[in-house]
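Subject: Handover of a protein structure

Dear colleague,

Please find below the structure that I am handing over to you. After it I set out what was found.

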Amino acid sequence: MTAPPLSPAAGFVAGIVRSLPICAAIAPFGLLYGALAADTGLSVFEATFMSATIFGGASQMVGLQLFDGRVPGWLIVLSIFAVNFRHILYSAALGPKLMHWRPWQRLVGWFVLSDPQFAESMKMADKRPVAFSWYFGLGLTIYGLWVLESYLGARFGALIEDPEALGLDFMLPLYFFGMLYDFRSRKPFFPIVGASAAGSVLAMLTVGSPWHVSIGAICGIATAILIGAPEAPPPMPPEAKERTT
């Protein structure tokens with residue numbers, strides 16, 4: 001039984017509040033990106049503009065590694081597509097839950113779609129209809145903080161000589177692990193995650209980055225197809241429905 005939808009104002013505020021721990025987790029990653037962008041020769045404006053237009057931390061990191069003039073443009077595009085392939089899967093899973101939105105709302109929603117945005121939206125869909133105001137409050141805050149953190153990292157990142165020595169590069173993977181673990185009650189969670197992790201590690205050791213991201217996702221999807229969807233619970237008897245209403 002789903003809860004009633006939130007009002008626009010309440011949904012927007014709830015989205016902002018829910019985004020705060022996410023922003024705290026991705027802050028070191030945003031600062032690290034800005035610092036690396038400045039270190040590779042991008043200006044503060046270019047580093048910030050890249051975050052404002054692409055809004056994809058992993059793909060931006062890949063771009064920084066390839067923007068050295070020696071890699072063909074088509075390979076850069078293909079590499080970034082490989083990293084962001086998971087967003088096709090995100091939109092396919094989340095899209096049916098957003099069909100009550102207007103077309104322009106879905107366009108805005110797809111732009112701010114990110115890993116934590118997808119996870120939080122899927123969890124919200126289990127409780128109540130995903131309101132655009134809630135989704136936008138969540139996504140706008142994450143987007144705004146990401147752009148700001150990129151600017152601060154590009155402007156002042158040189159003051160941190162070795163971000164990895166402080167463990168800043170570890171905070172984002174740790175957050176993603178916690179976010180993923182929230183879905184552990186869904187079956188078959190562990191076989192799919194195990195297959196995806198094994199495929200990603202094997203691909204990283206053989207093919208290399210960034211292909212391990214897509215290959216790991218494909219391994220998880222293949223495992224889910226082989227296992228099949230979990231059995232639906234039996235329908236509730238009419239007399240039980242009357243007692244719950």
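Two rings of Phe, Tyr and Trp (for Trp, its six-membered ring) count as a pair if their centres lie within 6.5 Å; planes under 30 degrees apart are called stacked, those over 60 edge-to-face, and the rest tilted. Ring pairs of this kind link F12, W101, W104, F132, Y135 and F136 into a cluster.

Before the details, a word on the source. The model is predicted, so local features need a pLDDT of at least 70 and side-chain atom pairs count only at pLDDT 80 or more, whereas totals for chains, interfaces and linings use all residues. Residues are numbered from 1 along each chain as its sequence is written, and side-chain values use heavy atoms, with hydrogens and water left out.

Overall architecture

The protein has 12 helices and 0 strands. Here helices (H or I, at least four residues) and strands (E, at least two) are DSSP runs, numbered from the N terminus. Along the sequence, the pattern is therefore α-α-α-α-α-α-α-α-α-α-α-α.

Of the 245 residues in the protein, 39% are buried. A residue is buried under 20% relative accessible area, exposed over 50%, and partly exposed in between (1.4 Å probe, protein chains only). A contact means heavy atoms within 4.5 Å. Among contacts between residues at least 6 apart in sequence, 74% join residues at least 24 apart.

Aromatic pairs

The count of aromatic pairs comes to 12. One of them joins F132 and F136, and this pair is stacked, with 5.6 Å centre to centre and 15 degrees between the planes. A pair of aromatic rings is described by the distance of the centres and the angle of the planes. F132 is buried, with a relative accessible area of 15%, whereas F136 is partly exposed at 26%.

The nonpolar patch

Helix α8 (residues 132-156) also gives the most to a nonpolar surface patch, with 5 residues. The patch covers about 470 Å² and is made by L31, L145, L148, Y151, L152 and F156. Patches are made of residues with over 30% relative accessible area and no salt bridge; like charges are joined within 9 Å, and nonpolar side chains (Val, Leu, Ile, Met, Phe, Trp, Tyr) within 5 Å. One of the patch residues, L148, lies in helix α8 and is partly exposed, with a relative accessible area of 43%.

For the protein as a whole, the accessible surface comes to about 14,200 Å², and 71% of that belongs to carbon and sulfur atoms. Accessible areas come from the Shrake-Rupley method with a 1.4 Å probe; for residues, only the protein chains shown count as cover.

Salt bridges

A salt bridge is a side-chain nitrogen of Lys or Arg within 4 Å of a carboxyl oxygen of Asp or Glu. How many salt bridges are there by this rule? The count comes to 2. In one, the side chains of E120 and R18 meet at 2.9 Å, N to O. E120 lies in helix α7 (residues 115-125) and R18 in helix α1 (residues 8-39), so the pair ties together parts that are 102 residues apart in sequence. E120 is buried at 6% relative accessibility, while R18 is partly exposed at 31%.

E120 also forms a salt bridge with K123, the closest N and O atoms being 3.3 Å apart. Both residues lie in helix α7, 3 residues apart, which is about one turn of the helix. K123 is buried, with a relative accessible area of 18%. Through shared partners, the salt bridges join R18, E120 and K123 into one network.

Individual residues

S200 lies in helix α10 (residues 189-206) and counts as buried at 18% relative accessibility. Not counting residues up to four places away in sequence, S200 touches H212 and G216.

I225 lies in helix α11 (residues 211-227) and is exposed, with a relative accessible area of 64%. I225 and I192 are 33 residues apart in sequence and 9.7 Å apart in space, C-alpha to C-alpha.

Lastly, a disulfide is a pair of cysteine sulfur atoms within 2.5 Å, and the count by this rule is 0. C23 is buried at 6% relative accessible area, and C219 is partly exposed at 27%.

Yours sincerely,
A colleague
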